[in-house]
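Please examine the sequence and the three-dimensional structure shown here before reading the briefing.

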Amino acid sequence: MYAFEIERPTTVAQAVEALKNEVAQELGGGQTLIPTLKQRLAAPEVLVSLSGIAEMQGISVSEGTILIGGGVTHDDVAIGAMAYPTLAALAGGIGDPAVRNRGTLGGSLANNDPSACYPAAALASGATITTNAREIQADDYFQGMFETALDDGEIVVAVSFPIPEGASYQKFVQPASRFALVGVFVAKYADGVRVAVTGAAEEGVFRWREAEAALSADFSAAALEGLSHPAEGMIGDMHGSAEYRAHLIKVLASRAVVDMA
Amino acid sequence: MAKVSMSVNGKPAEAEVEGRLLLSHFLRDNLGLTGTHIGCDTSQCGTCVVHVDGKVVKSCTMFAAEAEGKEVTTIEGMANPDGSLSKIQAAFQTHHGLQCGFCTPGMVMSTVALLKQNPDPSETEIRDYLEGNICRCTGYHNIVKAIQSAAAS
Ligand SMILES: Cc1cc2nc3c(=O)[nH]c(=O)nc-3n(C[C@H](O)[C@H](O)[C@H](O)COP(=O)(O)OP(=O)(O)OC[C@H]3O[C@@H](n4cnc5c(N)ncnc54)[C@H](O)[C@@H]3O)c2cc1C
Ligand code: FES
Ligand code: FES
(Lines give C-alpha, C1' and ligand atoms only; values in the text may rest on other atoms or scores of the structure.)
(Ligands and ions follow the chains in the order given, each with its own letter.)
Protein backbone atom coordinates (compact mmCIF):
# COMPACT_ATOMS: atom_id res chain seq x y z
CA MET A 1 0.00 0.00 0.00
CA TYR A 2 1.10 3.55 -0.67
CA ALA A 3 1.15 5.74 2.43
CA PHE A 4 -1.80 7.93 3.37
CA GLU A 5 -3.32 9.66 6.35
CA ILE A 6 -6.70 8.72 7.83
CA GLU A 7 -9.10 11.43 8.95
CA ARG A 8 -12.02 10.60 11.21
CA PRO A 9 -14.71 13.28 10.92
CA THR A 10 -17.85 13.02 13.06
CA THR A 11 -20.24 14.99 10.82
CA VAL A 12 -21.06 14.93 7.10
CA ALA A 13 -20.09 18.62 6.89
CA GLN A 14 -16.60 17.88 8.23
CA ALA A 15 -16.23 14.96 5.83
CA VAL A 16 -17.30 17.11 2.85
CA GLU A 17 -14.72 19.71 3.89
CA ALA A 18 -11.98 17.06 4.18
CA LEU A 19 -12.93 15.67 0.76
CA LYS A 20 -12.39 19.05 -0.93
CA ASN A 21 -8.75 18.01 -0.86
CA GLU A 22 -8.21 16.53 -4.35
CA VAL A 23 -6.09 13.66 -3.08
CA ALA A 24 -8.68 12.58 -0.50
CA GLN A 25 -11.13 9.68 -0.84
CA GLU A 26 -14.05 8.31 1.19
CA LEU A 27 -13.47 5.18 3.30
CA GLY A 28 -16.65 3.24 4.05
CA GLY A 29 -16.28 -0.26 5.47
CA GLY A 30 -13.10 -0.78 3.48
CA GLN A 31 -14.20 -4.21 2.27
CA THR A 32 -13.55 -3.24 -1.35
CA LEU A 33 -11.25 -0.26 -0.95
CA ILE A 34 -8.64 -1.89 1.31
CA PRO A 35 -8.01 -4.81 -1.11
CA THR A 36 -7.79 -2.21 -3.91
CA LEU A 37 -5.20 -0.22 -1.96
CA LYS A 38 -3.21 -3.36 -1.24
CA GLN A 39 -2.96 -3.97 -4.97
CA ARG A 40 -1.83 -0.37 -5.44
CA LEU A 41 -4.74 0.24 -7.80
CA ALA A 42 -5.52 3.49 -5.98
CA ALA A 43 -3.24 6.05 -4.36
CA PRO A 44 -5.23 8.45 -2.20
CA GLU A 45 -3.12 10.60 0.11
CA VAL A 46 -5.93 11.02 2.60
CA LEU A 47 -8.73 8.62 3.49
CA VAL A 48 -11.77 10.18 5.07
CA SER A 49 -13.36 7.54 7.27
CA LEU A 50 -17.15 7.78 7.31
CA SER A 51 -17.77 5.17 10.01
CA GLY A 52 -17.80 7.66 12.90
CA ILE A 53 -20.56 9.83 11.42
CA ALA A 54 -23.77 9.43 13.41
CA GLU A 55 -25.93 11.14 10.70
CA MET A 56 -25.07 8.27 8.34
CA GLN A 57 -26.35 5.60 10.73
CA GLY A 58 -29.87 4.43 11.51
CA ILE A 59 -32.87 2.90 9.77
CA SER A 60 -36.35 4.44 9.85
CA VAL A 61 -39.69 3.71 8.22
CA SER A 62 -42.40 6.18 7.23
CA GLU A 63 -45.17 6.37 4.64
CA GLY A 64 -44.27 3.17 2.87
CA THR A 65 -40.56 3.88 2.51
CA ILE A 66 -37.58 2.67 4.46
CA LEU A 67 -34.70 5.08 4.89
CA ILE A 68 -31.26 3.59 5.57
CA GLY A 69 -28.13 5.57 6.40
CA GLY A 70 -25.24 5.29 3.95
CA GLY A 71 -22.95 4.17 6.77
CA VAL A 72 -25.18 1.30 7.93
CA THR A 73 -23.43 -2.06 7.67
CA HIS A 74 -24.86 -5.01 5.75
CA ASP A 75 -25.35 -6.86 9.03
CA ASP A 76 -27.35 -4.00 10.52
CA VAL A 77 -29.58 -3.92 7.43
CA ALA A 78 -30.04 -7.71 7.70
CA ILE A 79 -31.23 -7.28 11.29
CA GLY A 80 -32.90 -3.87 11.10
CA ALA A 81 -34.77 -3.70 7.79
CA MET A 82 -37.70 -5.91 8.87
CA ALA A 83 -40.06 -3.51 7.09
CA TYR A 84 -38.58 -4.67 3.77
CA PRO A 85 -37.78 -8.36 4.34
CA THR A 86 -36.37 -9.02 0.86
CA LEU A 87 -33.87 -6.20 1.33
CA ALA A 88 -32.91 -7.52 4.77
CA ALA A 89 -32.40 -11.00 3.33
CA LEU A 90 -30.29 -9.60 0.47
CA ALA A 91 -28.03 -7.83 2.97
CA GLY A 92 -27.76 -11.03 5.02
CA GLY A 93 -26.55 -12.88 1.91
CA ILE A 94 -23.65 -10.55 1.07
CA GLY A 95 -20.21 -12.12 1.47
CA ASP A 96 -19.67 -13.63 4.93
CA PRO A 97 -20.38 -12.45 8.50
CA ALA A 98 -17.08 -10.58 8.90
CA VAL A 99 -17.57 -8.73 5.59
CA ARG A 100 -21.17 -7.87 6.57
CA ASN A 101 -20.02 -6.38 9.87
CA ARG A 102 -17.84 -3.80 8.06
CA GLY A 103 -19.23 -3.28 4.53
CA THR A 104 -21.81 -0.50 4.14
CA LEU A 105 -24.79 0.31 1.94
CA GLY A 106 -23.20 3.60 0.84
CA GLY A 107 -19.91 1.92 -0.01
CA SER A 108 -21.60 -0.74 -2.08
CA LEU A 109 -23.67 1.78 -4.07
CA ALA A 110 -20.71 4.12 -4.54
CA ASN A 111 -18.58 1.27 -5.82
CA ASN A 112 -21.26 -0.13 -8.18
CA ASP A 113 -19.52 -3.44 -8.74
CA PRO A 114 -21.23 -5.11 -11.73
CA SER A 115 -21.89 -8.19 -9.56
CA ALA A 116 -22.91 -6.48 -6.32
CA CYS A 117 -26.28 -7.13 -4.70
CA TYR A 118 -27.47 -3.71 -3.46
CA PRO A 119 -27.51 -2.04 -6.88
CA ALA A 120 -30.17 -4.57 -7.96
CA ALA A 121 -32.28 -3.76 -4.90
CA ALA A 122 -31.93 -0.01 -5.39
CA LEU A 123 -32.80 -0.12 -9.10
CA ALA A 124 -35.69 -2.58 -8.75
CA SER A 125 -37.13 -0.54 -5.87
CA GLY A 126 -36.79 2.81 -7.63
CA ALA A 127 -34.77 3.99 -4.64
CA THR A 128 -33.64 7.56 -4.06
CA ILE A 129 -29.98 8.07 -3.23
CA THR A 130 -29.44 11.07 -0.97
CA THR A 131 -25.98 12.61 -1.02
CA ASN A 132 -24.57 15.59 0.85
CA ALA A 133 -25.50 17.70 -2.21
CA ARG A 134 -28.69 16.29 -3.80
CA GLU A 135 -31.14 13.45 -4.33
CA ILE A 136 -30.54 11.07 -7.22
CA GLN A 137 -33.11 8.61 -8.59
CA ALA A 138 -31.74 5.07 -8.98
CA ASP A 139 -32.65 5.20 -12.71
CA ASP A 140 -30.18 8.08 -13.16
CA TYR A 141 -27.61 6.90 -10.64
CA PHE A 142 -26.11 3.73 -12.15
CA GLN A 143 -24.04 4.65 -15.21
CA GLY A 144 -22.07 1.54 -16.14
CA MET A 145 -19.51 -0.79 -14.59
CA PHE A 146 -18.07 0.92 -11.47
CA GLU A 147 -19.61 4.20 -12.75
CA THR A 148 -22.23 6.25 -10.92
CA ALA A 149 -23.67 9.75 -11.03
CA LEU A 150 -21.62 10.70 -7.96
CA ASP A 151 -19.17 13.56 -8.32
CA ASP A 152 -15.72 13.46 -6.73
CA GLY A 153 -16.04 13.88 -2.99
CA GLU A 154 -19.82 13.39 -3.01
CA ILE A 155 -21.03 11.21 -0.15
CA VAL A 156 -23.94 8.75 -0.14
CA VAL A 157 -25.57 9.86 3.10
CA ALA A 158 -28.77 7.78 2.96
CA VAL A 159 -30.93 5.71 0.62
CA SER A 160 -34.70 5.50 0.70
CA PHE A 161 -36.44 2.44 -0.70
CA PRO A 162 -40.20 2.51 -1.44
CA ILE A 163 -41.50 -0.71 0.14
CA PRO A 164 -43.14 -2.94 -2.50
CA GLU A 165 -46.25 -5.12 -2.12
CA GLY A 166 -44.00 -8.07 -2.69
CA ALA A 167 -40.42 -8.73 -3.76
CA SER A 168 -37.88 -11.47 -4.26
CA TYR A 169 -34.12 -11.47 -4.85
CA GLN A 170 -32.72 -14.58 -6.50
CA LYS A 171 -28.92 -14.70 -6.28
CA PHE A 172 -27.01 -17.36 -8.17
CA VAL A 173 -23.88 -17.33 -6.04
CA GLN A 174 -20.43 -17.44 -7.59
CA PRO A 175 -18.98 -19.63 -4.84
CA ALA A 176 -15.38 -18.40 -5.00
CA SER A 177 -16.14 -14.68 -4.66
CA ARG A 178 -19.55 -15.02 -2.95
CA PHE A 179 -20.84 -12.21 -5.22
CA ALA A 180 -23.73 -12.81 -7.62
CA LEU A 181 -22.84 -14.71 -10.80
CA VAL A 182 -26.26 -13.39 -11.76
CA GLY A 183 -28.85 -11.88 -9.43
CA VAL A 184 -32.41 -10.84 -10.28
CA PHE A 185 -34.49 -8.58 -8.05
CA VAL A 186 -38.24 -8.43 -8.78
CA ALA A 187 -40.36 -5.84 -6.95
CA LYS A 188 -44.12 -5.50 -7.38
CA TYR A 189 -45.70 -2.09 -6.78
CA ALA A 190 -49.29 -0.90 -7.19
CA ASP A 191 -48.27 0.90 -10.41
CA GLY A 192 -46.24 -1.94 -11.93
CA VAL A 193 -43.41 -4.42 -11.60
CA ARG A 194 -39.71 -3.57 -11.71
CA VAL A 195 -37.02 -6.14 -12.53
CA ALA A 196 -33.32 -5.39 -12.02
CA VAL A 197 -30.46 -7.67 -13.00
CA THR A 198 -26.96 -7.70 -11.52
CA GLY A 199 -23.90 -9.81 -12.30
CA ALA A 200 -24.85 -10.29 -15.92
CA ALA A 201 -24.06 -7.23 -18.01
CA GLU A 202 -20.78 -5.55 -18.85
CA GLU A 203 -22.48 -2.22 -18.20
CA GLY A 204 -23.45 -3.33 -14.68
CA VAL A 205 -26.90 -3.43 -13.13
CA PHE A 206 -29.84 -2.87 -15.55
CA ARG A 207 -33.64 -3.12 -15.78
CA TRP A 208 -35.11 -5.92 -17.87
CA ARG A 209 -37.97 -3.89 -19.30
CA GLU A 210 -39.53 -6.64 -21.41
CA ALA A 211 -40.02 -8.75 -18.30
CA GLU A 212 -41.38 -5.72 -16.43
CA ALA A 213 -44.02 -5.17 -19.12
CA ALA A 214 -44.97 -8.84 -19.21
CA LEU A 215 -45.21 -9.12 -15.42
CA SER A 216 -47.08 -5.84 -15.02
CA ALA A 217 -49.75 -7.22 -17.40
CA ASP A 218 -49.84 -10.72 -15.92
CA PHE A 219 -47.89 -11.46 -12.75
CA SER A 220 -47.06 -15.11 -13.28
CA ALA A 221 -44.08 -17.22 -14.30
CA ALA A 222 -46.07 -18.14 -17.43
CA ALA A 223 -45.89 -14.51 -18.53
CA LEU A 224 -42.10 -14.86 -18.83
CA GLU A 225 -42.18 -18.09 -20.83
CA GLY A 226 -42.08 -16.49 -24.25
CA LEU A 227 -39.24 -14.11 -23.34
CA SER A 228 -35.50 -14.61 -23.51
CA HIS A 229 -32.75 -12.16 -22.73
CA PRO A 230 -30.18 -11.70 -25.53
CA ALA A 231 -26.55 -12.61 -24.79
CA GLU A 232 -25.13 -9.43 -26.36
CA GLY A 233 -23.46 -7.21 -23.81
CA MET A 234 -23.45 -9.92 -21.15
CA ILE A 235 -20.28 -10.76 -19.21
CA GLY A 236 -18.52 -13.92 -20.37
CA ASP A 237 -15.71 -15.27 -18.19
CA MET A 238 -14.32 -18.52 -16.77
CA HIS A 239 -17.30 -18.75 -14.43
CA GLY A 240 -19.95 -18.54 -17.09
CA SER A 241 -20.38 -17.60 -20.75
CA ALA A 242 -22.50 -14.67 -21.92
CA GLU A 243 -25.14 -17.15 -23.16
CA TYR A 244 -25.20 -18.90 -19.79
CA ARG A 245 -25.69 -15.64 -17.94
CA ALA A 246 -28.43 -14.55 -20.33
CA HIS A 247 -30.18 -17.86 -19.75
CA LEU A 248 -29.86 -17.49 -15.96
CA ILE A 249 -31.60 -14.10 -16.07
CA LYS A 250 -34.84 -15.68 -17.22
CA VAL A 251 -34.51 -18.69 -14.91
CA LEU A 252 -33.92 -16.47 -11.87
CA ALA A 253 -36.68 -14.02 -12.81
CA SER A 254 -39.12 -16.94 -13.00
CA ARG A 255 -37.92 -18.27 -9.65
CA ALA A 256 -38.46 -14.85 -8.13
CA VAL A 257 -42.04 -14.73 -9.38
CA VAL A 258 -42.74 -18.25 -8.11
CA ASP A 259 -41.14 -17.33 -4.78
CA MET A 260 -43.55 -14.38 -4.46
CA ALA A 261 -46.68 -16.40 -5.19
CA MET B 1 0.65 9.28 11.67
CA ALA B 2 -2.41 9.00 13.88
CA LYS B 3 -2.66 8.34 17.57
CA VAL B 4 -4.85 5.38 18.31
CA SER B 5 -5.95 3.88 21.58
CA MET B 6 -8.10 0.81 22.03
CA SER B 7 -8.61 -2.03 24.44
CA VAL B 8 -7.12 -5.37 23.41
CA ASN B 9 -8.20 -8.41 25.42
CA GLY B 10 -9.21 -6.07 28.21
CA LYS B 11 -5.89 -4.19 28.37
CA PRO B 12 -5.33 -0.67 27.05
CA ALA B 13 -3.16 -0.42 23.93
CA GLU B 14 -1.93 2.88 22.52
CA ALA B 15 0.32 3.77 19.62
CA GLU B 16 1.21 6.25 16.90
CA VAL B 17 0.33 4.44 13.70
CA GLU B 18 0.60 5.05 9.98
CA GLY B 19 -2.76 5.34 8.23
CA ARG B 20 -2.07 2.23 6.17
CA LEU B 21 -1.24 0.02 9.17
CA LEU B 22 -3.73 -2.86 9.21
CA LEU B 23 -5.25 -4.05 12.46
CA SER B 24 -3.76 -7.52 11.80
CA HIS B 25 -0.23 -6.04 11.66
CA PHE B 26 -0.87 -3.84 14.67
CA LEU B 27 -1.86 -6.89 16.73
CA ARG B 28 1.01 -9.06 15.54
CA ASP B 29 3.88 -6.58 15.18
CA ASN B 30 3.11 -3.82 17.69
CA LEU B 31 1.53 -5.96 20.40
CA GLY B 32 3.23 -9.33 19.74
CA LEU B 33 -0.14 -11.11 19.63
CA THR B 34 0.77 -13.57 16.90
CA GLY B 35 -2.23 -15.85 17.39
CA THR B 36 -4.08 -13.79 14.80
CA HIS B 37 -2.85 -15.30 11.53
CA ILE B 38 -2.50 -13.78 8.10
CA GLY B 39 -3.34 -16.42 5.52
CA CYS B 40 -4.35 -14.63 2.36
CA ASP B 41 -4.24 -10.91 3.13
CA THR B 42 -7.03 -10.56 0.51
CA SER B 43 -10.16 -10.83 2.73
CA GLN B 44 -10.88 -14.39 1.67
CA CYS B 45 -9.62 -16.87 4.29
CA GLY B 46 -10.68 -15.65 7.73
CA THR B 47 -7.51 -16.70 9.61
CA CYS B 48 -7.21 -13.08 10.76
CA VAL B 49 -10.71 -12.86 12.28
CA VAL B 50 -10.90 -10.98 15.59
CA HIS B 51 -13.77 -9.35 17.44
CA VAL B 52 -14.22 -5.59 17.39
CA ASP B 53 -16.87 -4.48 19.87
CA GLY B 54 -18.03 -8.09 19.98
CA LYS B 55 -18.44 -8.55 16.22
CA VAL B 56 -16.28 -10.63 13.89
CA VAL B 57 -14.16 -8.66 11.44
CA LYS B 58 -11.26 -9.56 9.17
CA SER B 59 -8.39 -7.71 10.79
CA CYS B 60 -6.49 -7.72 7.47
CA THR B 61 -9.32 -5.59 6.04
CA MET B 62 -9.54 -2.90 8.70
CA PHE B 63 -7.07 -0.15 9.54
CA ALA B 64 -5.69 0.00 13.08
CA ALA B 65 -6.65 3.68 13.15
CA GLU B 66 -10.28 2.67 12.69
CA ALA B 67 -10.24 0.68 15.93
CA GLU B 68 -9.92 3.92 17.90
CA GLY B 69 -11.84 3.61 21.16
CA LYS B 70 -12.96 0.05 20.41
CA GLU B 71 -12.76 -3.23 22.33
CA VAL B 72 -10.70 -5.76 20.38
CA THR B 73 -10.58 -9.43 21.34
CA THR B 74 -8.13 -11.90 19.81
CA ILE B 75 -7.54 -15.62 20.25
CA GLU B 76 -5.15 -14.73 23.12
CA GLY B 77 -8.17 -13.44 25.00
CA MET B 78 -10.14 -16.67 24.65
CA ALA B 79 -8.68 -18.93 27.36
CA ASN B 80 -10.30 -19.13 30.79
CA PRO B 81 -8.87 -16.74 33.41
CA ASP B 82 -6.80 -19.60 34.91
CA GLY B 83 -5.19 -20.25 31.51
CA SER B 84 -7.08 -23.45 30.74
CA LEU B 85 -8.80 -23.85 27.37
CA SER B 86 -12.27 -22.35 27.05
CA LYS B 87 -15.21 -24.61 26.21
CA ILE B 88 -14.96 -23.94 22.48
CA GLN B 89 -11.17 -24.36 22.36
CA ALA B 90 -11.45 -27.62 24.32
CA ALA B 91 -14.12 -28.88 21.90
CA PHE B 92 -11.75 -28.23 18.96
CA GLN B 93 -9.08 -30.27 20.79
CA THR B 94 -11.40 -33.14 21.72
CA HIS B 95 -12.93 -33.48 18.25
CA HIS B 96 -9.71 -32.94 16.30
CA GLY B 97 -11.14 -29.75 14.84
CA LEU B 98 -7.67 -28.84 13.64
CA GLN B 99 -4.90 -30.40 11.61
CA CYS B 100 -2.08 -27.88 11.08
CA GLY B 101 -3.93 -25.37 13.24
CA PHE B 102 -3.33 -22.40 10.97
CA CYS B 103 -7.02 -21.59 10.51
CA THR B 104 -7.92 -22.42 14.12
CA PRO B 105 -7.71 -18.96 15.69
CA GLY B 106 -10.10 -17.55 13.09
CA MET B 107 -12.38 -20.59 13.36
CA VAL B 108 -12.56 -20.21 17.14
CA MET B 109 -13.24 -16.46 16.95
CA SER B 110 -16.03 -17.04 14.41
CA THR B 111 -17.48 -19.87 16.51
CA VAL B 112 -17.60 -17.70 19.62
CA ALA B 113 -19.55 -15.05 17.69
CA LEU B 114 -21.86 -17.63 16.12
CA LEU B 115 -22.77 -19.30 19.43
CA LYS B 116 -23.36 -15.94 21.09
CA GLN B 117 -25.88 -15.10 18.38
CA ASN B 118 -27.30 -18.60 17.91
CA PRO B 119 -26.59 -20.97 20.84
CA ASP B 120 -28.09 -23.98 19.07
CA PRO B 121 -27.15 -23.79 15.39
CA SER B 122 -27.99 -26.52 12.88
CA GLU B 123 -25.19 -28.01 10.79
CA THR B 124 -26.31 -25.87 7.85
CA GLU B 125 -26.24 -22.72 9.98
CA ILE B 126 -22.73 -23.59 11.17
CA ARG B 127 -21.47 -24.15 7.64
CA ASP B 128 -23.17 -20.94 6.48
CA TYR B 129 -21.65 -18.87 9.24
CA LEU B 130 -18.16 -20.21 8.55
CA GLU B 131 -18.41 -19.26 4.87
CA GLY B 132 -15.58 -16.76 5.26
CA ASN B 133 -13.25 -19.11 7.17
CA ILE B 134 -11.19 -21.37 4.94
CA CYS B 135 -9.26 -24.41 6.24
CA ARG B 136 -6.42 -25.28 3.87
CA CYS B 137 -6.27 -28.75 5.49
CA THR B 138 -10.00 -29.07 4.62
CA GLY B 139 -10.76 -30.32 8.12
CA TYR B 140 -14.31 -29.06 7.96
CA HIS B 141 -16.15 -32.16 9.20
CA ASN B 142 -14.35 -32.21 12.52
CA ILE B 143 -14.58 -28.45 12.86
CA VAL B 144 -18.36 -28.71 12.51
CA LYS B 145 -18.43 -31.60 15.03
CA ALA B 146 -16.39 -29.55 17.50
CA ILE B 147 -18.82 -26.63 17.17
CA GLN B 148 -21.86 -28.89 17.58
CA SER B 149 -20.35 -30.38 20.73
CA ALA B 150 -19.45 -26.95 22.14
CA ALA B 151 -23.03 -25.80 21.46
CA ALA B 152 -24.49 -28.86 23.20
CA SER B 153 -22.31 -28.61 26.31
C1 LIG C 1 -15.10 -11.76 0.61
C2 LIG C 1 -16.05 -10.68 0.13
C3 LIG C 1 -17.29 -11.05 -0.36
C4 LIG C 1 -18.20 -10.08 -0.82
N5 LIG C 1 -19.39 -10.49 -1.29
C6 LIG C 1 -20.29 -9.57 -1.76
C7 LIG C 1 -21.55 -9.95 -2.24
O8 LIG C 1 -21.93 -11.12 -2.22
N9 LIG C 1 -22.38 -8.99 -2.69
C10 LIG C 1 -22.05 -7.68 -2.67
O11 LIG C 1 -22.85 -6.85 -3.07
N12 LIG C 1 -20.85 -7.27 -2.22
C13 LIG C 1 -19.96 -8.19 -1.76
N14 LIG C 1 -18.75 -7.77 -1.28
C15 LIG C 1 -18.43 -6.32 -1.27
C16 LIG C 1 -18.89 -5.70 0.02
O17 LIG C 1 -20.29 -5.65 0.04
C18 LIG C 1 -18.33 -4.29 0.22
O19 LIG C 1 -18.55 -4.00 1.57
C20 LIG C 1 -18.92 -3.17 -0.57
O21 LIG C 1 -18.95 -3.37 -1.94
C22 LIG C 1 -18.12 -1.89 -0.35
O23 LIG C 1 -18.62 -1.25 0.75
P24 LIG C 1 -17.65 -0.64 1.84
O25 LIG C 1 -18.51 0.09 2.78
O26 LIG C 1 -16.80 -1.72 2.37
O27 LIG C 1 -16.86 0.45 1.01
P28 LIG C 1 -15.31 0.74 0.81
O29 LIG C 1 -14.59 -0.48 0.43
O30 LIG C 1 -14.79 1.49 1.98
O31 LIG C 1 -15.38 1.74 -0.41
C32 LIG C 1 -15.74 1.35 -1.73
C33 LIG C 1 -15.78 2.60 -2.63
O34 LIG C 1 -16.85 3.45 -2.27
C35 LIG C 1 -16.40 4.74 -1.81
N36 LIG C 1 -17.30 5.04 -0.68
C37 LIG C 1 -17.45 4.30 0.47
N38 LIG C 1 -18.48 4.77 1.20
C39 LIG C 1 -18.99 5.84 0.51
C40 LIG C 1 -20.09 6.73 0.73
N41 LIG C 1 -20.89 6.63 1.81
N42 LIG C 1 -20.32 7.71 -0.18
C43 LIG C 1 -19.55 7.81 -1.29
N44 LIG C 1 -18.51 6.99 -1.56
C45 LIG C 1 -18.25 6.01 -0.68
C46 LIG C 1 -14.94 4.55 -1.50
O47 LIG C 1 -14.21 5.74 -1.69
C48 LIG C 1 -14.54 3.48 -2.51
O49 LIG C 1 -14.31 4.03 -3.76
C50 LIG C 1 -17.83 -8.70 -0.80
C51 LIG C 1 -16.57 -8.32 -0.30
C52 LIG C 1 -15.70 -9.29 0.17
C53 LIG C 1 -14.37 -8.86 0.70
S1 FES D 1 -5.71 -12.94 6.15
FE2 FES D 1 -7.49 -11.78 6.49
S3 FES D 1 -8.99 -12.90 5.43
FE4 FES D 1 -7.18 -14.01 4.97
S1 FES E 1 -6.24 -27.05 10.22
FE2 FES E 1 -4.80 -26.50 8.74
S3 FES E 1 -5.70 -24.77 7.87
FE4 FES E 1 -7.29 -25.59 9.02
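The briefing below treats cavities, cysteines, salt bridges and selected residues in turn.

This is a predicted model, in which local features need pLDDT of at least 70 and side-chain atom pairs count only at pLDDT 80 or more, while totals for chains, interfaces and linings use all residues. Residues are numbered from 1 along each chain as its sequence is written, chains are lettered from A and ligands numbered from 1 in the order in which they are written, and side-chain values use heavy atoms, with hydrogens and water left out.

**Cavities**

- Rolling a probe the size of a water molecule over the atoms shows where empty space is left.
- A cavity is a set of points, on a 1 Å grid over the protein atoms alone, where a 1.4 Å probe fits but cannot get out, and its lining residues have an atom within 4 Å of a point.
- Two cavities of 30 Å³ or more are found in the whole structure.
- The largest cavity holds about 40 Å³ of space.
- Its lining includes Asp96(A), Pro97(A) and Ala98(A) from chain A, and Val49(B), Val56(B), Lys58(B), Ser110(B), Tyr129(B), Gly132(B) and Asn133(B) from chain B.
- Helices (H or I, at least four residues) and strands (E, at least two) are DSSP runs, numbered from the N terminus.
- Among these elements, α5 (97–102) of chain A and β4 (55–58) of chain B each supply at least two residues of the lining of the largest cavity.
- Lining residues are sorted into classes: Ala, Val, Leu, Ile, Met, Phe, Trp, Tyr, Cys and Pro count as nonpolar, Asp, Glu, Lys and Arg as charged, and the others, Gly among them, as polar.
- The lining of the largest cavity consists of five nonpolar, three polar and two charged residues.
- The second largest cavity holds about 30 Å³ of space.
- Gln99(B), Cys100(B), Gly101(B), Phe102(B), Cys103(B), Cys135(B), Arg136(B) and Cys137(B) line the second largest cavity.
- Five nonpolar, two polar and one charged residues make up the lining of the second largest cavity.

**Cysteines**

- A disulfide is a covalent bond between the sulfur atoms of two cysteines.
- Here a disulfide is counted when a pair of cysteine sulfur atoms lies within 2.5 Å, and the count over all chains is zero.
- Cys135(B) is buried, at a relative accessible area of 5%, whereas Cys137(B) is partly exposed at 22%.

**Salt bridges**

- A salt bridge is a side-chain nitrogen of Lys or Arg within 4 Å of a carboxyl oxygen of Asp or Glu.
- There are 16 salt bridges over all chains.
- One of them joins the side chains of Lys20(A) and Glu17(A), with an N to O distance of 3.1 Å.
- Lys20(A) is exposed at 59% relative accessibility, and Glu17(A) is partly exposed at 48%.
- Another joins Asp139(A) and Arg207(A), whose closest N and O atoms are 3.2 Å apart.
- Asp139(A) lies in helix α8 (residues 138–141) and Arg207(A) in strand β12 (residues 206–207) of chain A, so this pair ties together parts that are 68 residues apart in sequence.
- Asp139(A) is partly exposed at 39%, while Arg207(A) is buried at 18%.
- Asp237(A) forms a salt bridge with Arg245(A), the closest N and O atoms being 3.2 Å apart.
- Asp237(A) is partly exposed at 34%, and Arg245(A) is buried at 3%.
- Asp139(A), Arg194(A), Arg207(A) and Glu212(A) are joined into one network by salt bridges that share partners.

**Helix α9 of chain A**

- In helix α9 (residues 209–217) of chain A, the buried residues are Ala211(A), Glu212(A), Ala214(A) and Leu215(A).
- The cover over these buried residues includes β10 (180–189), β11 (192–198), β12 and α10 (242–260) of chain A.

**Two individual residues**

- Phe179(A) is placed in the loop between β9 (166–173) and β10 of chain A, and is partly exposed at 33%.
- Contact means heavy atoms within 4.5 Å.
- Beyond its neighbours within four places in sequence, Phe179(A) is in contact with residues including Asp113(A), Ser115(A) and Lys171(A).
- Ser24(B) lies in helix α1 (residues 23–30) of chain B and is buried, with a relative accessible area of 0%.
- Beyond its neighbours within four places in sequence, Ser24(B) is in contact with Ile38(B), Ser59(B) and Cys60(B).

Methods. Buried < 20%, exposed > 50% of the residue type's maximum accessible area, 1.4 Å probe, protein only. 1 Å grid on protein atoms, 1.4 Å probe; cavity = no way out; pocket = protein on both sides within 12 Å on 5 of 7 lines; lining within 4 Å. Points joined across faces, edges and corners; volume = space filled by probe spheres on them.
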